[in-house]
Amino acid sequence: MKIKLQCIYNVKYLVPSEEFGDYIMNKKIKGKSVIFVLIVSYVCYIFVSQQITMRNIKNQIADKKIEEQKAKEKNRKLQDEVKMSKSDMYIEKLARERLGLIKKGETPVIDTKN
């Protein structure tokens, strides 16, 4: 008894028809693998870009905190200056230094070196 094997070739791929199904299955698996790799790559890209954005925002927050501290320090100095300017001693000091005023009975000293 002879067993007759029928082998039909697909002209496009030159693959026997029995193996053609396996060939197509391998292509589908490779296609799914490519799609999976693309999806994983996209998710990694999104994750990395979000991490970069978060780092940039954290740096901006740190910069703003430094600016806030500088502004608070300047504000404190200005408030101290305002308090001091309301005192009689400060007003007298400014009158002596800027206007050259003296109290009764004091002898003015003029520095000729300047």
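1. A definition to start with: a residue is partly exposed when its relative accessible area falls between the buried limit, under 20%, and the exposed limit, over 50%. Glu92, at 33% relative accessibility, therefore counts as partly exposed. Please keep in mind throughout that this is a predicted model.

2. On confidence, the protein chain has a mean pLDDT of 81, and 75% of its residues reach 70 or more. Helix α1 has the highest confidence, at 88, whereas strand β1 (residues 9-10) has the lowest, at a mean of 46. I would mention both values when you describe the model.

3. Along the sequence the elements run β-β-α-α, which gives 2 helices and 2 strands in the protein chain. Helix α1 covers residues 17-85, and helix α2 covers residues 88-98.

4. Now for burial and surface. Of the 114 residues in the protein chain, 4% count as buried. The chain exposes about 11,500 Å², and 61% of that comes from carbon and sulfur atoms.

5. One surface feature deserves a paragraph of its own. A nonpolar patch is formed by Ile35, Ile39, Tyr42, Val43 and Tyr45, with about 580 Å² of accessible area together. Tyr42, one of these residues, belongs to helix α1. Its relative accessible area is 54%, so Tyr42 counts as exposed.

6. Turning to charged side chains, the structure contains 6 salt bridges. Side chains of opposite charge can pair when their charged atoms come close. Among the bridges is the one between Arg76 and Glu73, with 2.4 Å from N to O. Why are these two separated by about one helical turn? Because Arg76 and Glu73 are 3 residues apart in helix α1. Both ends are partly exposed: Arg76 has 40% relative accessibility, and Glu73 has a relative accessible area of 34%.

7. A second bridge links Arg96 with Glu92, where the closest N and O atoms are 3.3 Å apart. Both residues sit in helix α2, 4 residues apart, or about one turn of the helix. Arg96 is partly exposed, at 30% relative accessibility, and Glu92 is likewise partly exposed, at 33%.

8. Which other partner does Arg96 meet in a salt bridge? The side chain of Glu106 also pairs with Arg96, at 2.8 Å from N to O. Arg96 lies in helix α2 while Glu106 lies in the segment after α2, so this pair ties together parts that are 10 residues apart in sequence. Glu106 is partly exposed as well, with a relative accessible area of 33%.

9. Finally, look at how these bridges connect. Salt bridges with shared partners join Glu92, Arg96, Lys103 and Glu106 into one network.

Definitions and conventions: Residues are numbered from 1 along each chain as its sequence is written. This is a predicted model: local features need pLDDT of at least 70, side-chain atom pairs count only at pLDDT 80 or more; totals for chains, interfaces and linings use all residues. Side-chain values use heavy atoms; hydrogens and water are left out. A salt bridge is a side-chain nitrogen of Lys or Arg within 4 Å of a carboxyl oxygen of Asp or Glu. Buried means under 20% relative accessible area, exposed over 50%, partly exposed in between (1.4 Å probe, protein chains only). Accessible areas come from the Shrake-Rupley method with a 1.4 Å probe; for residues, only the protein chains shown count as cover. pLDDT is the predictor's confidence in each residue, from 0 to 100. Patches are made of residues with over 30% relative accessible area and no salt bridge: like charges are joined within 9 Å, nonpolar side chains (Val, Leu, Ile, Met, Phe, Trp, Tyr) within 5 Å.
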